[in-house]
Amino acid sequence: INKHFRNIDFYINTYLLREEPLEMISGAHPFYIDDFLGYFFIRKCMWSAPSSIRNNVASMKKFYKSMLQRGHIGESDYNKLTKTVSQNIDTWLKDCESYNDPNSPNPFDFF
(Lines give C-alpha, C1' and ligand atoms only; values in the text may rest on other atoms or scores of the structure.)
Protein backbone atom coordinates (compact mmCIF):
# COMPACT_ATOMS: atom_id res chain seq x y z
CA ILE A 1 0.00 0.00 0.00
CA ASN A 2 2.77 2.43 0.91
CA LYS A 3 4.56 1.86 -2.41
CA HIS A 4 1.37 2.55 -4.38
CA PHE A 5 0.75 5.66 -2.30
CA ARG A 6 4.28 6.98 -2.92
CA ASN A 7 4.05 6.25 -6.65
CA ILE A 8 0.73 8.06 -7.04
CA ASP A 9 1.78 10.89 -4.75
CA PHE A 10 4.86 11.48 -6.90
CA TYR A 11 2.85 11.35 -10.12
CA ILE A 12 0.11 13.72 -8.95
CA ASN A 13 2.06 16.08 -6.70
CA THR A 14 5.30 16.28 -8.66
CA TYR A 15 4.68 15.43 -12.29
CA LEU A 16 1.17 16.85 -12.73
CA LEU A 17 2.06 20.04 -10.84
CA ARG A 18 5.49 20.68 -12.36
CA GLU A 19 4.70 23.27 -15.03
CA GLU A 20 1.04 24.05 -15.49
CA PRO A 21 -0.79 22.58 -12.50
CA LEU A 22 -3.19 19.84 -13.57
CA GLU A 23 -5.92 18.15 -11.58
CA MET A 24 -5.79 14.48 -10.68
CA ILE A 25 -8.47 13.78 -13.29
CA SER A 26 -6.14 15.00 -16.06
CA GLY A 27 -3.58 12.40 -15.00
CA ALA A 28 -5.68 9.64 -16.54
CA HIS A 29 -5.22 11.19 -20.01
CA PRO A 30 -3.07 9.05 -22.33
CA PHE A 31 -0.72 11.94 -23.14
CA TYR A 32 0.27 12.43 -19.49
CA ILE A 33 0.61 8.72 -18.77
CA ASP A 34 2.87 8.25 -21.80
CA ASP A 35 4.92 11.39 -21.11
CA PHE A 36 5.40 10.46 -17.47
CA LEU A 37 6.31 6.79 -17.87
CA GLY A 38 7.93 7.03 -21.27
CA TYR A 39 10.04 10.13 -20.77
CA PHE A 40 9.88 12.10 -17.50
CA PHE A 41 10.22 9.17 -15.11
CA ILE A 42 13.02 7.54 -17.08
CA ARG A 43 15.07 10.74 -17.48
CA LYS A 44 14.37 12.60 -14.25
CA CYS A 45 14.18 9.88 -11.59
CA MET A 46 17.41 8.26 -10.50
CA TRP A 47 15.47 5.22 -9.32
CA SER A 48 13.95 4.53 -12.72
CA ALA A 49 14.23 0.91 -13.73
CA PRO A 50 11.96 -1.46 -15.65
CA SER A 51 10.68 -2.83 -12.33
CA SER A 52 9.83 0.66 -11.05
CA ILE A 53 7.95 1.39 -14.28
CA ARG A 54 5.93 -1.81 -13.75
CA ASN A 55 5.27 -0.75 -10.15
CA ASN A 56 4.08 2.68 -11.30
CA VAL A 57 1.79 1.11 -13.89
CA ALA A 58 0.22 -1.10 -11.21
CA SER A 59 -0.20 1.88 -8.88
CA MET A 60 -1.81 4.03 -11.56
CA LYS A 61 -4.19 1.32 -12.65
CA LYS A 62 -5.27 0.67 -9.05
CA PHE A 63 -5.61 4.36 -8.25
CA TYR A 64 -7.57 5.32 -11.33
CA LYS A 65 -9.76 2.21 -11.04
CA SER A 66 -10.61 3.42 -7.55
CA MET A 67 -11.35 6.89 -8.96
CA LEU A 68 -13.61 5.26 -11.57
CA GLN A 69 -15.49 3.30 -8.90
CA ARG A 70 -16.03 6.51 -6.92
CA GLY A 71 -17.24 8.44 -9.97
CA HIS A 72 -14.28 10.85 -10.24
CA ILE A 73 -13.35 9.74 -13.76
CA GLY A 74 -15.36 8.20 -16.55
CA GLU A 75 -15.08 4.64 -17.79
CA SER A 76 -13.78 5.85 -21.16
CA ASP A 77 -10.93 7.69 -19.38
CA TYR A 78 -9.98 4.55 -17.50
CA ASN A 79 -10.17 2.43 -20.66
CA LYS A 80 -7.90 4.90 -22.49
CA LEU A 81 -5.40 4.70 -19.63
CA THR A 82 -5.28 0.90 -19.71
CA LYS A 83 -5.05 0.90 -23.52
CA THR A 84 -2.16 3.39 -23.40
CA VAL A 85 -0.34 1.21 -20.89
CA SER A 86 -0.82 -2.00 -22.88
CA GLN A 87 0.29 -0.35 -26.13
CA ASN A 88 3.37 1.39 -24.69
CA ILE A 89 4.73 -0.60 -21.76
CA ASP A 90 7.19 -2.64 -23.83
CA THR A 91 8.65 0.55 -25.32
CA TRP A 92 8.88 2.22 -21.90
CA LEU A 93 10.67 -0.78 -20.43
CA LYS A 94 13.08 -1.03 -23.36
CA ASP A 95 13.82 2.71 -23.30
CA CYS A 96 14.39 2.66 -19.55
CA GLU A 97 16.76 -0.28 -19.78
CA SER A 98 18.64 1.35 -22.63
CA TYR A 99 18.80 4.75 -20.89
CA ASN A 100 20.24 3.18 -17.73
CA ASP A 101 22.83 1.14 -19.64
CA PRO A 102 25.98 3.23 -20.20
CA ASN A 103 26.93 1.01 -23.15
CA SER A 104 23.67 1.54 -25.04
CA PRO A 105 22.82 4.53 -27.20
CA ASN A 106 20.55 7.00 -25.46
CA PRO A 107 16.99 6.46 -26.75
CA PHE A 108 16.25 10.14 -26.14
CA ASP A 109 19.02 11.58 -28.31
CA PHE A 110 17.26 13.19 -31.21
CA PHE A 111 20.31 14.37 -33.11
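Start by selecting threonine 84: with 8% relative accessibility, this residue counts as buried (under 20% relative accessible area; exposed is over 50%, partly exposed in between, using a 1.4 Å probe and protein chains only). Before moving on, note that this is a predicted model, where local features need pLDDT of at least 70 and side-chain atom pairs count only at pLDDT 80 or more, while totals for chains, interfaces and linings use all residues. Residues are numbered from 1 along each chain as its sequence is written, and side-chain values use heavy atoms, with hydrogens and water left out.

**Around threonine 84**

Colour helix α4, residues 75-100; threonine 84 lies in this helix. Helices are DSSP runs of H or I with at least four residues, numbered from the N terminus. Now show the contacts of threonine 84: Pro30, Ile33, Asp34 and Trp92, leaving aside neighbours within four places in sequence. Contact means heavy atoms within 4.5 Å.

**Along helix α2**

Next, select residues 30-44, which form helix α2.

Stop at phenylalanine 36. A kink of about 40 degrees in α2 is centred there. The bend is the angle between axes fitted to the seven residues ending at a residue and the seven starting there. Phenylalanine 36 touches Phe10, Tyr11, Tyr15, Phe41, Ile42, Asn56 and Met60, not counting residues up to four places away in sequence.

Which residues of α2 are buried? Select Ile33, Asp35, Phe36, Leu37, Gly38, Phe40, Phe41 and Ile42. The buried residues of α2 pack against α1 (2-15), α3 (50-69) and α4.

**The core**

Show the largest nonpolar core, which has 29 residues. Such a core is a set of buried Ala, Val, Leu, Ile, Met, Phe, Trp, Tyr and Cys residues joined through side-chain atoms within 4.5 Å. Tyr11, Ile33, Phe36, Ile53, Tyr64 and Trp92 touch the most other members. Helices α1, α2, α3 and α4 each give two or more residues. The largest share, seven residues, comes from α4.

Finish with cysteine 45 and cysteine 96. The whole structure has zero disulfides. Cysteine 45 is buried at 3% relative accessible area, and cysteine 96 is buried at 0%.

Notes. Expected span 1.5 Å × (residues − 1). Disulfide = S-S within 2.5 Å.
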